[in-house]
Amino acid sequence: MKDLAREEQWSAWMRAAIGGDTHAYHRFLSSVAPHLRTMARRRCAQFGAPASEAEDIVQEVLLSIHLKRGTWDSSRPIAPWISTIIRNKLIDSLRRRGRHIDVPLDDVIAVLQVDEQAQAQERLDVDRILKTLKEPQRTIVQAISVEGSSVRETAGRVNMTEGAVRVALHRALKALLLTYREPMT
Amino acid sequence: MKTDELINLLSQDSAVRFRFGQALAVALLAGVLLAGLFFFAAMGFRPDIYAALESLRFIFKLVVTLALFLAASNLMVQIGRPGARLQWPAVTLVLVPLLLVGAVVAELAAVPSARWGAQMIGRNAHECLSLIPLLSIGPLSAFILALRQGAPQHPGRAGAVAGLAAGGLAAAFYASNCTDDSPLFVALWYTLAIGIVTGAGYLAGKRWLTW
């Protein structure tokens with residue numbers, strides 16, 4: 001059974017991530033994203049919405065998982081936790097786009113268990129997102145997201161402590177979630 | 001932004017500084033302290049507290065309000081966790097009103113019907129209705145603040161549960177000041193006062209607990 005192994009793997013990565021292991025967290029998010037993409041595309045196709053909209057939803061759900069990761073009780077299985085977040089945010093995100101729908105939790109769990117690799121598409125152009133941020137958040141976000149710098153490297157570049165960069169990054173991520181929730185122009 | 005770029009961004013923010021469970025534990029402690037400080041500064045125990053401790057009715061007031069506080073807190077610490085099982089905590093919470101109904105029935109059997117009205121109206125209805133909500137402002141604020149770290153499926157309901165917990169805590173303190181001990185008084189006025197706090201919690205939840 002693949003999914004049990006996957007769940008163990010996700011739990012292990014998430015536990016390490018909460019302790020500050022950025023590599024484990026990167027693997028975790030990269031592993032979750034394709035499943036989100038499959039779910040979001042399926043729902044968008046149902047409404048005749050473009051697949052590009054699905055990628056917005058993927059990113060919004062990833063941000064929500066990120067900002068609420070402190071609610072996972074690491075002594076509990078990760079699957080019920082993540083499935084519930086995904087389901088709730090999928091519904092919210094679709095609703096905000098004017099598509100009222102119920103997503104059964106079982107559907108979410110089923111897709112989490114399937115291996116599917118949909119290719120990502122670029123969404124929400126970087127400029128628009130960066131414009132909503134103030135300095136030094138903008139430089140920090142650009143360096144880490146586009147250029148793939150670490151917090152330490154970025155701290156050196158913007159002449160801030162690592163702690164200050166972490167705080168700025170965390171605030172930027174909260175602001176980012178609001179950007180996703182603005183009506184699309 | 002590409003999703004891969006977003007993932008780069010998120011993974012650099014991996015560490016969790018303040019976990020949800022810790023936030024709730026701090027909020028519960030802060031709630032008890034805030035309500036306690038306000039209580040001892042503004043009210044304090046009733047003068048005949050030691051005599052009252054020998055009265056079954058007085059003890060029952062403390063038991064039922066503390067039971068509400070504990071049962072609602074137990075539900076509150078789960079309600080912000082996606083995928084958590086809420087059935088048992090919810091069942092425990094429903095047992096509290098049953099406890100009160102039982103006491104009311106016992107009181108109706110023990111007291112002649114001519115005195116039911118007087119027992120129910122009591123002498124401290126105004127204090128009860130104003131002091132319980134006042135005492136719960138501190139705890140309710142602390143609980144809502146902590147629940148903001150959570151991810152409740154129904155924000156209004158989560159806020160209402162925080163209101164029940166805060167109301168139960170406030171009522172437990174107030175009960176040790178109030179001299180109306182009849183379960184009939186408790187069933188009417190305490191329920192109304194805690195209902196006010198629960199309603200406030202519901203509205204606060206709608207307003208501040210969406211995520």
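1. Arg152(A) counts as exposed because its relative accessibility is 63%; the classes are buried (under 20% relative accessible area), exposed (over 50%) and partly exposed (in between), taken with a 1.4 Å probe and protein chains only. The side chain of Arg152(A) meets that of Glu162(A) in a salt bridge, with N to O at 3.2 Å. The term requires a side-chain nitrogen of Lys or Arg within 4 Å of a carboxyl oxygen of Asp or Glu. The pair links distant parts of the chain, 10 residues apart: Arg152(A) belongs to helix α8 (residues 151-158) of chain A and Glu162(A) to helix α9 (residues 162-181) of chain A. Glu162(A), at 28% relative accessibility, counts as partly exposed.

2. On the basis of this note: the model is predicted, local features need pLDDT of at least 70, side-chain atom pairs count only at pLDDT 80 or more, and totals for chains, interfaces and linings use all residues. Residues are numbered from 1 along each chain as its sequence is written, chains are lettered from A and ligands numbered from 1 in the order in which they are written, and side-chain values use heavy atoms, with hydrogens and water left out.

3. The interface between the chains takes 54 residues from chain A and 28 residues from chain B, contact being heavy atoms within 4.5 Å. About 3600 Å² is buried between chain B and chain A, 59% of it on carbon and sulfur atoms. Three residues, Met1(B), Gln12(B) and Trp211(B), supply 23% of the area that chain B buries against chain A, more than any other three residues. Buried area here is the accessible area (1.4 Å probe) that two parts lose on being put together, summed over both.

4. What polar links cross this interface? The rule finds zero salt bridges between chain B and chain A, but 19 residue pairs in polar contact, both residues at pLDDT 80 or more. Helix α1 (residues 3-11) of chain B gives the most to the side of chain B that touches chain A, with eight residues. That side of chain B has 11 nonpolar, 10 polar and seven charged residues. A polar contact is a pair of N or O atoms within 3.5 Å; within protein, one must be able to donate a hydrogen and the other to accept it, and residues adjacent in sequence count only if both atoms are side-chain atoms.

5. Chain A is divided into domain 1 (2-113) and domain 2 (126-181), the bounds coming from an automatic or database domain assignment. The C-alpha centres of the two domains of chain A lie 23 Å apart. Their contact takes nine residues from domain 1 of chain A and seven residues from domain 2 of chain A. The area buried between these domains is about 810 Å², of which carbon and sulfur atoms give 66%.

6. Between domain 1 and domain 2 of chain A the count is zero salt bridges, and zero residue pairs in polar contact are found (both at pLDDT 80 or more). On the domain 1 side, α3 (51-67) and α4 (78-96) of chain A each supply at least two residues; α3(A) gives the most, with seven residues. By class, the residues of that side divide into two nonpolar, three polar and four charged. Nonpolar means Ala, Val, Leu, Ile, Met, Phe, Trp, Tyr, Cys and Pro, charged means Asp, Glu, Lys and Arg, and the others, Gly among them, are polar.

7. Over all chains, the whole structure has 11 salt bridges. Among them is Arg37(A) with Glu55(A), whose closest N and O atoms are 2.8 Å apart. Arg37(A) lies in helix α2 (residues 22-46) of chain A and Glu55(A) in helix α3 of chain A, so the pair ties together parts that are 18 residues apart in sequence. Both Arg37(A) and Glu55(A) are buried. Helices (H or I, at least four residues) are DSSP runs, numbered from the N terminus.

8. Helix α3 of chain A is also tied to helix α4 of chain A: Glu60(A) lies in the former and Arg96(A) in the latter, so this pair joins parts that are 36 residues apart in sequence. The closest N and O atoms of this salt bridge are 2.9 Å apart. Is Glu60(A) buried or exposed? At 1% relative accessibility, Glu60(A) counts as buried, whereas Arg96(A), at 36%, counts as partly exposed.

9. In chain B, a network of salt bridges links Arg46(B), Asp48(B), Lys61(B) and Asp181(B).

10. Asn124(B) sits in the loop between α6 (116-121) and α7 (125-147) of chain B and counts as buried, at 14% relative accessibility. The side chains of Asn124(B) and Asp180(B) are joined by a polar contact of 2.8 Å. Leaving aside neighbours within four places in sequence, Asn124(B) is in contact with Tyr174(B), Cys178(B), Thr179(B), Asp180(B) and Phe185(B).
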